[in-house]
Amino acid sequence: MIIGALVRTSYSHRYRQSLRLLSSVSTSSSTKISWDPTVALELNHPSLILLEKCSSRNHFRQILAQTMRIGLIGQTFPMSRLLLFSAISHPENLDMAVLLFNHYTPYPNLYIYNTMISALSFLKSRSFTLYNSMLHSGIYPDKNTLLYLVQASQCVSEVKQVHCHAIVTGFFLYGYLKNSLIKMYLEKGSKGLAHKVFCEMSRPDIVSFNIMIVGYAKEGFCLEAIELFDEMVFLGLKPDEYTMLGLILSCGLLRDRKLGKSTHAWIERRKVGSSLNLILGNALLDMYVKCKELDLALNIFNGLMEKKDIVSWNTMISGYAKAGELELALSIFNKMPRKDLISWNSLIAGFAQKGLYKMVMRLLNSMVAENVRPDNITMVCLVSGAAEIGALEQGEWIHGLVVRMQMKVDAFLGSALIDMYCKCGTVEKAFLVFQGVKKKDVTIWTTMITGLAFHGYGNKALDLFFTMQQDVMPNEVTFVAVLTACTHSGLVDEGLNIFDSMKKKFGIEPGVEHYGCLVDLLGRSGRLAEAKDVIEKMPMKPSRSIWGAMLSACRARGDMELAEIASRELLKLEPEKEGGYVLLSNIYASCERWNHSDMIREVMERRGVKKSAGCSSVVLDGLAHNFIAADSRHPRWPDIFSILQSLNSEMKLDDDCPLDMPMLLEPR
């Protein structure tokens, strides 16, 4: 890029050449208009008057040619007007502004530099290079220069540099510049620096508080945002609609329906702004949807919101779809005046999660028919739905559609495909997808390790775990996956070593889920005393999954003493859940202690605890059919029963199956 010093060194020859070329054009002295910037800087020159009325690129080129012909090109004030027009007022002509600045502006002043820095703020390197050139020219910035540079900053280090220049030049005293720095620090994820600048303000105004409150809310620091709101009210500052926007966002993220309702009531009582304008209305809809108050959201949507945009409609569709209210979601969808990709994706995701693949395919076909191209999120919704019900054929068809549409399989979509193939039992295809993803993040590595783990490929999962460390550092979820792989494959020593390396090598403090994997690993290998020792020494309170793993291990090894201890602890945590009762009853049954097994049944009945019946599902023609033991409610139950009898008569008893296997707890 030719700027600053480069312009000054190369400009002279080209500028004189251009002037000689222009002077060769035959124009009479009577038509040549002189320009004396020392006398008048008003916009009363004919060419500049035309510029103010210009509305097209072609007209601008004609005015530019006229300016060159009469010798105004290169003079500071006319050039400032030409650059302002082409770079700011009509940014579609920015390419011409850059050419004019680089080749026909030998002595740019502060105004011209600010114009170009502002126009090129979306290209950070060019803005900062222009600023350096300006400083080398002996031109000092003003507050506008620094504001434009803040907007052009792409990382915290650049914001810090502008911050330092603001302090050195004395412009840090301006509140607007401080507010801009706070906003940019928050957007770049530097909460501490934003708070520091805010605290340095002697008298923060409502704008400063709003930037902090909304910024904190968007970054997830909801409690801090609420504390700032309290401080603002204490200082006597009157909240406006932007303040309430930050408060509503915080309520939604916290899922705090009580505080959300109070905030809504506060808005209605004080009639902040226009009460429910579009932005506040959409924020309230989103808050109530996140708090699962769909009726209140619908009341606002239908009654209190005079204006609705596509965000309003999509919020309602997404809320009802996630809640499983698919008929209401579809009803709102059909009433939409205009649908976008988010509308389709929200509805498709809802039906896919329910396993209603006929409706999913109908929606997909309608979407394509209306010239809305599916994106990766659409495909992830479809693939995830297929994975939940184990519909391999549908998953393969969706994968084929991704290939036919030449969609890029990124880490997000790749992880969904890997998860689907693994859940459907096709680990080989999952690994092919994994190999095909060029940029692998920690999620896709973890998903593949998890798939290998649950299919018993422990050694392969370990190999993948060590390979990933060459490019990506594992996280907490990765360690859960690899410890699970060791558990399912009986790799006890390897699992212990990996658990020990979490903190020593990777600096990751083991959580309760990691201790659960360790207990499961030791329990399955028969090392029950060591598993019990881990539970007693772990730094946090054992969870239900840890005692459940211990109880399962005791059942496999027939250790009644530890089983009773684990059962008591499990029932303390979840007295209303059937899992602990069922496991203990089955342990007593396996040891032929029938009285104790019956006693557990009686305890369950007295406490009103019922065992949830196991359910199997079969996907046929895109529709999931669910079955439980002795379920006669299915419309084709006679046919199903007849086929089961036929299959039962043809099956042979496995030689390895003991004839005296005790009957475990089943639903009555």
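Reader: On what basis are residues numbered and values computed here?
Author: In this predicted model, local features need pLDDT of at least 70 and side-chain atom pairs count only at pLDDT 80 or more, while totals for chains, interfaces and linings use all residues. Side-chain values use heavy atoms, leaving out hydrogens and water, and residues are numbered from 1 along each chain as its sequence is written.

Reader: How many helices and strands does the protein chain have?
Author: Helices (H or I, at least four residues) and strands (E, at least two) are DSSP runs, numbered from the N terminus. On that basis, the protein chain has 36 helices and two strands.

Reader: What percentage of the residues of the protein chain count as buried?
Author: Buried means under 20% relative accessible area, exposed over 50%, and partly exposed in between (1.4 Å probe, protein chains only). The accessible surface of the chain, from the Shrake-Rupley method with a 1.4 Å probe and, for residues, only the protein chains shown as cover, comes to about 35900 Å², with 55% of it belonging to carbon and sulfur atoms. Of the 668 residues, the share that counts as buried is 46%.

Reader: Why do the buried residues of helix H19 lie on the same side, and which helices are included in what covers them?
Author: Leu 326, Ala 329, Ile 332 and Phe 333 are the buried residues of H19 (residues 326-335). Because they cover an arc of only 125 degrees around the axis (taken from the directions from the helix axis to the C-beta atoms), they lie on the same side of H19. On the other side, Glu 327, Asn 334 and Lys 335 are exposed. What covers the buried residues includes helix H18 (310-322) and helix H20 (341-353).

Reader: Which helices do the buried residues of H2 pack against?
Author: In helix H2 (residues 46-53), Ser 47, Leu 48 and Leu 51 are buried. Their arc around the axis is only 95 degrees, which puts them on the same side of H2. They pack against helix H3 (57-69) and helix H4 (76-89).

Reader: Which residues does Thr 315 contact, leaving aside its neighbours within four places in sequence?
Author: Thr 315 lies in helix H18 and, at 13% relative accessibility, counts as buried. Contact means heavy atoms within 4.5 Å. With neighbours within four places in sequence left aside, the contacts of Thr 315 are Leu 285, Asp 286 and Val 289.

Reader: Is Gly 495 buried or exposed, and which residues does it touch, not counting residues up to four places away in sequence?
Author: Gly 495, in helix H29 (residues 492-506), has a relative accessible area of 0% and is therefore buried. Its C-alpha atom is separated by 8.6 Å from that of Thr 484, eleven residues apart along the chain. Not counting residues up to four places away in sequence, Gly 495 touches Leu 483, Cys 486 and Leu 521.

Reader: How far apart in space are Thr 426 and Leu 392, C-alpha to C-alpha?
Author: Thr 426 has its place in the loop between H24 and helix H25 (427-436), and it counts as buried at 14% relative accessibility. Leaving aside its neighbours within four places in sequence, Thr 426 is in contact with Leu 392 and Tyr 421. Thr 426 and Leu 392 are 34 residues apart in sequence, and their C-alpha separation is 8.5 Å.

Reader: What is the phi of Gln 406, and where does this residue lie?
Author: Most residues other than glycine have a negative phi. Gln 406, although not a glycine, has a positive phi of about 55 degrees. Gln 406 is exposed, with a relative accessible area of 72%, and lies in the loop between helix H23 (392-404) and helix H24 (411-423).
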